[in-house]
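This report walks through one protein model, from its overall layout to single residues. Please keep the sequence and the 3D view at hand while reading.

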Amino acid sequence: RSILMTRAFFAQRWIKNTIKFCIRVKNTYTIQKGNSPILIVASGPSLQDSIKEIQKHRCDFFLIALSSALRPLLQNDITPDLCISTDGGYWAKEHIASSPIPLALSGESALYGKDFSQGIVPLSYGDGPEALLLEKCQITTLPAVRNGTVSGTALELALTLTTGHVFACGLDLSSNKGFQHI
C-alpha cells in the first residue's frame, strides 16, 4: 500500500524524469558479474571513521557510492567505481551533479541535462510505465529492486553483481545528535 501511495504522489515527476532520461541518455554501460568483493558506501556520520581504511584497501574491492556519499569520497581522494541514485528529487541530482564516474540510475532518477554526457548504467525496476518506456526506447538496463531507500536498491544490485562478499560502511541505522550525513 505504501508503494502505491508513493507512486501516486510522485508519478508525474517520475514519468517526466523517465521521458528526459530516454531522450538524453547516450553513453550506456553494463556491469559484468564477477566474484570481487563489493563495498557500498553511504554518507552516515560513521563514514568519517572508515575513510582511512577505505583509502588503504581501495584496490581490494569494487566500490559503489550512494549518491550522498560521492562528494565526501572524492574529497578524500577515493574514486568510486560506480555511484547509484534512485531518487527523483532535487537534492539527489545535486549530489551527483558533474560526477566524474559512471552513474547507475533508474529512469525515474533526477539528473541535470548536462550530466547525461558521462557514462550511465541504466537500472529498471521492471514495473510501471517507466519500464515500458525504457524497453520501447531499446535502452539496455540492469534489473533493480525497488526499495524505500537507495541503500536497499544498492544492496540488492551488489548481491546480483558478485558471488563474493558485500560490505557496507556509513550506513548508520540510528539517529545522531549532530549531522545526519558526513
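## Overall layout

The model is predicted. The protein chain holds 6 helices and 7 strands. Read from the N terminus, these elements follow the order α-β-α-β-α-β-α-β-β-α-β-α-β.

Of the 182 residues in the protein chain, 45% are buried. The accessible surface of the chain is about 10,300 Å², and carbon and sulfur atoms account for 55% of this surface. Among contacts between residues at least 6 apart in sequence, 54% join residues at least 24 apart.

## The sheet

The 7 strands make up an open sheet with parallel pairing, in the order E6-E5-E4-E3-E2-E1-E7. E6 and E7 are the edge strands, and each of them pairs on one side only. In general, the strands of a sheet pair through backbone hydrogen bonds, in either a parallel or an antiparallel way.

One pair can be followed in detail. E3 pairs with strand E4 (residues 103–106) in the parallel sense, over 3 bridges. Isoleucine 84 has alanine 104 in E4 as its bridge partner.

## Helix H6

The buried residues of H6 are Val150, Ser151, Gly152, Thr153, Ala154, Leu157, Ala158 and Leu161. Their cover includes several strands, among them E1 (38–41), E2 (62–66), E3 (82–85) and E5 (120–124). The edge strands E6 (142–143) and E7 (166–169) are also part of that cover.

In soluble globular proteins, nonpolar side chains tend to be buried together. The largest nonpolar core here has 19 residues, and Leu66, Ile84 and Leu123 have the most contacts inside it. E1, E2, E3, E5 and H6 each supply at least two residues of this core. H6 gives the most, with 5 residues.

Another core, of 14 residues, lies apart from the largest one; among its members are Cys22, Leu105, Phe116 and Ile139.

Which residues does leucine 123 touch, leaving aside its neighbours within four places in sequence? Leucine 123 is in contact with Ile84, Ala104, Leu105, Ser106, Gly107, Leu134, Thr141, Leu142, Ala144 and Leu157. Ile84 in this list is the residue that has alanine 104 as its bridge partner, and Leu157 is one of the buried residues of H6.

## Salt bridges

The count of salt bridges comes to 3.

| Aspartate 81 | Arginine 58 | 2.8 Å |

Arginine 58 forms its salt bridge with aspartate 81. This pair links distant parts of the chain: arginine 58 sits in the loop between helix H2 (47–57) and E2, aspartate 81 in the loop between helix H3 (70–75) and E3, and they are 23 residues apart. Arginine 58 counts as buried because its relative accessibility is 17%, under the 20% limit. Aspartate 81 has a relative accessible area of 29% and is therefore partly exposed.

Glutamate 108 is in the loop between E4 and E5 and arginine 146 is in the loop between E6 and H6, 38 residues apart. Glutamate 108 is buried, with a relative accessible area of 2%.

Aspartate 127 is partly exposed, at 30% relative accessibility. Through shared partners, Glu108, Asp127 and Arg146 are joined into one network.

## Two backbone angles

Aspartate 77 is not a glycine, yet has a positive phi of about 60°. Aspartate 77 belongs to the loop between H3 and E3, and counts as exposed at 73% relative accessibility. Serine 98, also not a glycine, has a positive phi of about 60°. Serine 98 is found in the loop between helix H4 (90–96) and E4.

Conventions: Residues numbered from 1 in each chain as written. Predicted model: local features only at pLDDT ≥ 70, side-chain atom pairs only at ≥ 80, totals over all residues. Heavy atoms only, no water. Buried < 20%, exposed > 50% of the residue type's maximum accessible area, 1.4 Å probe, protein only. Helix = DSSP H or I, 4+ residues; strand = E, 2+ residues; numbered from the N terminus. Contact = heavy atoms within 4.5 Å. Pairing = 2+ DSSP bridges. Areas by Shrake-Rupley, 256 points an atom, 1.4 Å probe, with all protein chains shown as cover. Salt bridge = Lys/Arg side-chain N within 4 Å of Asp/Glu carboxyl O. Core = buried A, V, L, I, M, F, W, Y, C linked by side-chain atoms within 4.5 Å.
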